[in-house]
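Open your viewer and get ready to select residues by number. This tour moves from one stop to the next.

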Amino acid sequence: MTHDGTGLLTIGALARATGLSVRTIRYWSDEGALPPVARSAGGYRLYDAASVARLELVRTLRELGLGLDDVRRVLTGETTVAQVAAAHVTALDARIRSLKVTRAVLSTVARRGSTAEETTLMNRLARLSAAERARILDDFMTEIFEGLDTADPDIRSRLRFAAADLPDDPTPEQVDAWVELVELIQDPEFRTTMRRMIEFNAADRGPDVPSGSSLWFMSRLIRTAGDALREGVEPGTPRAAAVLRELIGDADPAAVLKRLAAVADPRLNRYRELSAVVNGVERPSAHAEEFGWVVAALEARAAG
């Protein structure tokens, strides 16, 4: 229905032409997405044929999930539909990831029969934003490495990888592991243990020591102790002393014991296990027998 033969449409006629409610059109018009082209003598809004096409575009954009601010920007030429759509794809991807995490949390709660308190904690941690999860990791890394510029860079890289974020589609087991991992890296005592390990490493390194040498030493220690165990070398024997001399040279056995205590801390091994689950890789060995042999040999040498 036109108004007074002008060819302009009243809001009611526009509603009938598009199948939209008068209330919806009035709201979009009030928000600036569909401004009237004129007003009647009585102050009523009037629209033309172009308004019909504009209204159909507004409806399409709204059905795609765009807010009215984005709709206005498209209609005024500030941005394009493609650009806005790309931004919404990113937002939807983030929402989908969040929903997958929520699903994994609910699956874990259902499987474990979690208490209300535990469920609340798991949900709070698992639903942290990506920025909040990154901040927790950054705080952890800053505290344990701050001021220790000579620490092996390879250790820093491995620890950052180990404290991984949740994958996009986590399993209930990964949610469990990630929640425990976050609690662990926020524990002041664990941070102190990790800091002590980094301090030991930094004290041993000069400016020309190549990256990765610390991990090379630990690999050598595990291999050497494993050989001694297979050959039946008993700690405290002359043969064990020779193995130690080859391994640590003239270093003070008591000092080496302190450093091994930091590296062999059960919580550090738990950190590695949880990280492996979150990252979806094979769980590492704690090499408890190898470390135990070296500790026993060092204690025997220190006592002697």
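**Stop one: the cores**

Select Phe 140, Leu 159, Tyr 271 and Trp 293. Of the 52 residues in the largest nonpolar core, these touch the most other members. A nonpolar core is a set of buried Ala, Val, Leu, Ile, Met, Phe, Trp, Tyr and Cys residues joined through side-chain atoms within 4.5 Å. Buried means under 20% relative accessible area (1.4 Å probe, protein chains only). Now select helix H9, residues 172–185: the largest share of this core, 8 residues, comes from there. Another core, of 20 residues, lies apart; Ala 15, Ala 33, Leu 61 and Val 74 are among them.

This is a predicted model: local features need pLDDT of at least 70, side-chain atom pairs count only at pLDDT 80 or more, and totals for chains, interfaces and linings use all residues. Residues are numbered from 1 along each chain as its sequence is written, and side-chain values use heavy atoms, with hydrogens and water left out.

**Stop two: H3 and H4**

Select helix H3 (residues 49–63) and helix H4 (residues 68–75). Helices are DSSP runs (H or I, at least four residues), numbered from the N terminus. H3 and H4 pack at about 135 degrees, with their axes 10 Å apart. Axes are lines fitted to C-alpha atoms over the stretch in contact, and angles run from 0 to 180 degrees between N-to-C directions. Which residues of H3 meet H4? Show Arg 54, Leu 57, Val 58, Leu 61 and Arg 62 in H3; they meet Leu 68, Val 71, Val 74 and Leu 75 in H4. Contact means heavy atoms within 4.5 Å.

Methods:
Buried means under 20% relative accessible area, exposed over 50%, partly exposed in between (1.4 Å probe, protein chains only). Helices (H or I, at least four residues) and strands (E, at least two) are DSSP runs, numbered from the N terminus.
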